[in-house]
Amino acid sequence: MRKAKDWLPGFLLVLPSIILIGVFVYWLIFRNVSTSLDRTVTRASKRVTNPGGLENYTKLLGSDDYQHALFNLLVLTVVFVAGTMVFGLLWAVLLEKGVNAEGIFRSVYLLPMAISFIAAGIVWRWLLSPGKGDQAVGLNQLLAMVGLERFQSGWWQSPSAFSMAAMALPAIWQLSGYVMALFLAGFRGISEDQREAARIDGASEWQVYRHVLFPQLSPIALSALIIVGHMSMKMFDLIYAIAGQNSYKASVPATMMWTQMFQQNNPTAAAANATILLVLVAIVVVPYLMYTNKTEKETRG
Amino acid sequence: MRNRAVATLAMAGVVSVALAACGSTSDNTATGGSTPGGGASTSLQTKAGGAGGDVGVFTWWAAGSEKKGLDALEALFKEKYPNDKFVNLAVAGGAGSNAKAKLASDLQNNQPPDSFQGHAGAELADYIDASQIEPVNDVIQALGGESVFPKNLLDRLTVDGNIYSVPSNIHRANVVWANVAVLKKAGVNQPPKDIKSWIADMDKIKASGVSTPLSVSGTWTQVQLFENVLIADLGADKYNGLFKGDTKWDSPEVKAAAADYKKLLSYTNTASDGDDWPVATDMVIDGKAAYNVMGDWAVAEFADKGKKQDQDWTWFPTPGTDGVFDFLADSFTLPKGAKNPGGTKDWLMLIGSAEGQKAFNLAKGSIPARTDVPKTDFPPYQQAAMDAFKSNTIVSSIAHGAAVSLAWNADISSAISKFYSSKDDATLVSDLAAAAKKNLG
């Protein structure tokens with residue numbers, strides 16, 4: 001047992017944050033889970049609105065609407081993550097190659113992130129208007145103006161089952177710059193010596209990237225993947241601003257949660273939905289945290 | 001400091017009640033009436049010039065004609081109750097959906113506004129059930145009760161003998177707005193009698209070069225269009241039965257209505273789920289569409305764009321719903337735990353007064369809930385609506401919370417939104433039937 005003098009001041013220093021996080025994160029998660037298991041009955045007619053226990057979850061997961069929302073979320077996440085990674089990496093490579101006025105380009109790419117999802121969503125609602133032909137506005141009108149009318153689309157309201165991919169457009173536009181900044185920082189962290197050494201050994205420019213630079217960026221790529229991926233799963237504001245409430249085509253678990261809570265007046269179903277969402281995000285984030293913990297320990301020796 | 005001032009005023013209020021009870025005269029005007037509907041209430045005590053303090057009024061009237069109406073009320077409130085300070089707590093967003101979410105959390109946190117706007121009818125039932133609003137029988141009686149409000153309206157507001165809100169205005173939801181020039185060009189001179197002849201007219205309009213004869217907008221405007229088709233195809237009685245369980249949502253009539261609705265959508269523009277209503281009404285104003293089914297708040301949009309009735313635009317009840325008044329009403333409440341109930345009652349008295357109703361409804365383009373407001377001051381459309389309100393069969397609107405609770409409305413809305421992309425009317429009917437089962441039991 002170490003002396004209290006050694007550990008007590010440090011412990012007292014972190015105690016307030018332990019208490020605050022304990023109450024406002026973990027206690028509320030616990031409350032949310034316990035709410036999600038409630039059995040609820042309407043006051044007047046004694047109808048059972050939530051059967052209680054795990055049945056709340058099977059009922060929600062079994063409903064077509066929820067499965068539709070989960071599928072939308074999958075499409076959105078895949079396209080959004082792939083899009084931001086591709087554009088983020090592309091821009092980072094271009095800037096890293098050395099351009100004039102790099103600061104200006106960096107700001108231009110990062111700027112969309114400074115705009116709130118709601119404000120951007122209002123603009124993108126108009127840009128992604130589904131009207132075609134003589135009703136075209138926004139992107140469809142732009143396509144018509146440059147003679148690409150055949151690429152006009154209903155965007156997220158098109159009949160395709162994968163229409164949610166269009167909802168990733170504004171999200172990619174907003175967050176590619178952020179991924180670019182992450183990668184750019186990664187490139188800057190690699191010393192020039194290594195590239196020179198590779199070039200002296202006769203490596204082509206592609207080989208320098210493929211075998212020297214990219215492998216060293218993989219931790220950053222993983223962080224970017226996790227950050228963007230979990231943002232996508234929680235995304236609500238952008239979708240709400242673009243599609244309004246009760247939109248079936250654009251429904252994801254997060255927008256359904258809003259409907260359950262504020263329109264259907266059913267906090268139990270909303271809590272079950274929230275718990276499922278938390279588990280989904282945890283499946284992605286927890287292995288990442290474990291991995292970084294492990295590598296950090298290894299590097300510390 | 002302010003708290004002390006409020007407390008002093010509250011004390012003054014208590015004293016004035018005591019004085020009035022003793023029958024002595026005081027500076028305070030006591031407006032009273034008999035106890036209404038068996039509900040426990042005392043006669044209303046108000047103070048000349050208002051009870052004082054802030055009166056926070058929560059609405060979704062943040063833009064357009066609605067804001068003008070609210071501004072007119074605010075000006076009148078300032079004049080009538082100089083002691084009170086009006087605080088505008090409006091939250092923007094079509095049909096009040098954003099506002100209702102904000103309100104729900106405020107009520108949950110016991111931070112109610114001094115008065116909030118609510119659609120009269122089924123939508124208030126949620127608040128009453130949760131004991132979040134208090135009866136205002138005394139205000140209704142002081143205003144004149146059944147002698148000034150239509151009885152069928154008060155019946156709809158009464159729950160277990162108590163009235164929980166003061167109606168400010170009435171709107172009609174089954175109105176088609178039409179562009180005169182577009183109709184003339186297509187050779188359509190008579191308002192159609194039923195949905196079938198309406199569709200025939202739309203074919204003519206399409207042939208004359210207008211590719212989208214009918215305009216729609218975001219999800220709730222689609223719900224409103226569908227509700228119009230339901231009234232047309234079912235008739236008032238069967239339509240009313242939908243909300244009591246007497247008419248089945250998967251009955252042949254509803255199936256026929258869903259098919260008609262599908263047909264109508266084939267004449268419309270491609271709308272985005274998130275659009276608000278003026279997008280669709282503006283299409284009629286600009287001649288890009290001939291018809292738009294919208295509540296009669298659209299009159300203000302026409303006036304705003306400098307368009308004249310009969311010359312530029314015309315209206316008729318949605319084909320098949322002539323003689324029916326699809327109503328929705330806004331009303332104001334006294335939330336439980338309101339910080340300044342005296343101020344709330346001043347506000348409610350103003351809302352319910354003939355003067356307040358006239359000022360507000362003239363600006364908003366709706367009609368007064370009171371029947372003693374002279375018709376002559378209103379523009380021609382409202383005069384016609386006031387006549388219709390008195391003589392027509394009155395039914396409640398789905399899209400605007402008069403017929404169904406918020407939860408049921410949400411279920412119907414998602415079914416309609418789903419239909420908009422799938423155009424599968426069999427699924428629409430089964431979704432609607434499932435929603436009815438869930439919400440009616």
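Predicted model: local features only at pLDDT ≥ 70, side-chain atom pairs only at ≥ 80, totals over all residues.
Me: Which domains does the domain assignment give for chain B?

Reply: The assignment gives domain 1, made of 2–169 + 331–380, and domain 2, made of 175–320 + 405–440. On the side of domain 1 of chain B that touches domain 2 of chain B, helix H2 (64–80) and H4 of chain B each supply at least two residues, and the largest share, four residues, comes from H4(B). Sorted by class, the residues of that side of domain 1 are four nonpolar, five polar and four charged.

Me: Turning to the two chains, how many residues of chain B are in contact with chain A, and which elements of chain B give two or more residues to that side?

Reply: The contact joins 24 residues of chain B to 27 residues of chain A. Helix H3 (97–108), helix H4 (122–129) and helix H16 (406–422) of chain B are the elements that give two or more residues to the side touching chain A, and H16(B) gives the most, with eight residues. By class, this side of chain B has five nonpolar, 14 polar and five charged residues.

Me: How does the contact divide between the domains of chain B?

Reply: With domain 1 and domain 2 of chain B as assigned above, the contact takes 13 residues from domain 1 and 11 residues from domain 2.

Me: How should I read a pair of packed helices, and at what angle do the axes of helix H3 and helix H7 of chain A cross?

Reply: In general, two packed helices are described by the angle between their axes and the distance between the axes. Here the axes of helix H3 (residues 64–96) and helix H7 (residues 168–188) of chain A come within 7 Å and cross at roughly 45°. H3(A) and H7(A) are therefore oblique to each other, and H3(A) passes H7(A) in a right-handed crossing.

Me: Which classes of residue make up the contact of H3(A) with H7(A)?

Reply: The contact of H3(A) with H7(A) has 18 nonpolar, four polar and one charged residues.

How values were computed:
Residues numbered from 1 in each chain as written. Chains lettered and ligands numbered in written order. Contact = placed C-beta atoms within 7 Å. Nonpolar A, V, L, I, M, F, W, Y, C, P; charged D, E, K, R; others polar. Domains from an automatic or database assignment. Axes fitted to C-alpha atoms, helices over the stretch in contact; angles between N-to-C directions. Parallel < 35°, antiparallel > 145°, perpendicular 65-115°, else oblique. Left-handed = near helix turned anticlockwise from the far one by under 90°.
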